[in-house]
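Subject: Structure handover

Hello,

Here is the structure we talked about handing over. My notes on it follow below.

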Amino acid sequence: MAKPIFKYNPKALRFERQRYNLRMFIRKFFPGTLISAGTGFIFFLLFITVFETPDEKRLKQEKAALSSDLEQISDSIRFYDNNLDKIAMHDNHQYRVIAELDSIPDRLRTAGYGGANLYKDLSGKEHSDLIIDVLRKLDLINKRMQVQNMSFVELTKSLNAESERLRRLPVVTPIHNNDLTRLGSNYGYRINPIVGGIHFHKGIDLTAPYGKPVYAPGAGTVTYAGNRHNGYGNYIIIDHGINGISTLYGHLSKIIVKEGQEVVRGEKIGNIGNTGLSTAPHLHYEIRINGKHINPANYRMPVEPEHYDQLISNADTITKSLN
Ligand SMILES: [Zn+2]
């Protein structure tokens, strides 16, 4: 209940009770309230302008840290991207060249990455540009790594196939260099010493002392080991399992492998002899591709005696390990 207010009436010479109205109320109370509220409000504005709340301060620090982190991540991505450049360069100009594979153009190494609308949900926010830039670079690196991985898988397959091909190719002379006394007869037309006349000599004759070992010049499977009395005497045929290549070893004194046996390069398969149509101990050596004779001289790789010893030693080790 408001306290009654009395006012002196000079005409009536008495105090009269005043009635409250809005104007009186505002005139009496509002100026003080307004000044107090206005002053408070001004102080509030000053406070929030000059001073930060703990939460505002923490958020501001977190934003600064986030921005710094994104910059560091961007730098790291640049480092990895540069390394991928180097790997791609070696891949195209060295590894794939060695494996006889076509190089992969840069446009194919980055094809299919990103997309116009891939990052649209991230746009329009604080740090959006930086975040989208980082994600875009990560996507590109991911794409490049996928292509590089596929390239390495292809390289491995190709080099394994090449390694297997080289393991099987009959590229060395089947007689130890120290045992080889001379190259008797070459591939081609020559006079037959037994029956006379000119005949096509389907292989080369490698002369060596009787009983000296004959070695497989490349890995393969023995498809024949015996004597059919067809002039070759005791002979062996090895199928090398690549490009239809097979080799024949004739006039042997002894055969020490069996049909169906797997042999490796440098493995002993028989001994020099003089069986069949032969005038002196020697090895008649033929190479056939899909049944057609070729000149074995084209497949002979010069091997130093010490390397030949190593080759035979390796073959012996492999043979033992397979037993
Ligand atoms: Zn011959």
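A salt bridge here is a side-chain nitrogen of Lys or Arg within 4 Å of a carboxyl oxygen of Asp or Glu. By this rule the count comes to 14 salt bridges.

Before the details, some background. This is a predicted model, in which local features need pLDDT of at least 70 and side-chain atom pairs count only at pLDDT 80 or more, while totals for chains, interfaces and linings use all residues. Residues are numbered from 1 along each chain as its sequence is written, and side-chain values use heavy atoms, with hydrogens and water left out.

Salt bridges

One of the salt bridges joins Arg 109 to Asp 91, with 2.9 Å between the closest N and O atoms. This pair links distant parts of the chain, 18 residues apart: Arg 109 is in helix H3 (residues 106-109) and Asp 91 in helix H2 (residues 54-98). Helices (H or I, at least four residues) and strands (E, at least two) are DSSP runs, numbered from the N terminus. Arg 109 is buried at a relative accessible area of 2%, and Asp 91 is buried at 0%. Buried means under 20% relative accessible area, exposed over 50%, and partly exposed in between (1.4 Å probe, protein chains only).

Lys 212 and Asp 179 form another salt bridge, at 3.8 Å from N to O. They too link distant parts of the chain, 33 residues apart. Lys 212 lies in the loop between strand E6 (204-207) and strand E7 (213-215), and Asp 179 in the loop between helix H4 (128-168) and strand E3 (182-183). Lys 212 is partly exposed, with a relative accessible area of 32%, whereas Asp 179 is buried at 13%.

Glu 286 pairs with Arg 288 in a salt bridge, the closest N and O atoms being 3.1 Å apart. Glu 286 is buried, with a relative accessible area of 1%; Arg 288 also counts as buried, at 19%. Elsewhere, salt bridges that share partners join Asp 55, Arg 58 and Glu 62 into one network.

His 201 in strand E5 (residues 198-201) and His 284 in strand E14 (residues 282-289) are 83 residues apart, so the pair links distant parts of the chain. His 201 is buried at a relative accessible area of 5%, and His 284 is buried at 6%.

Regards
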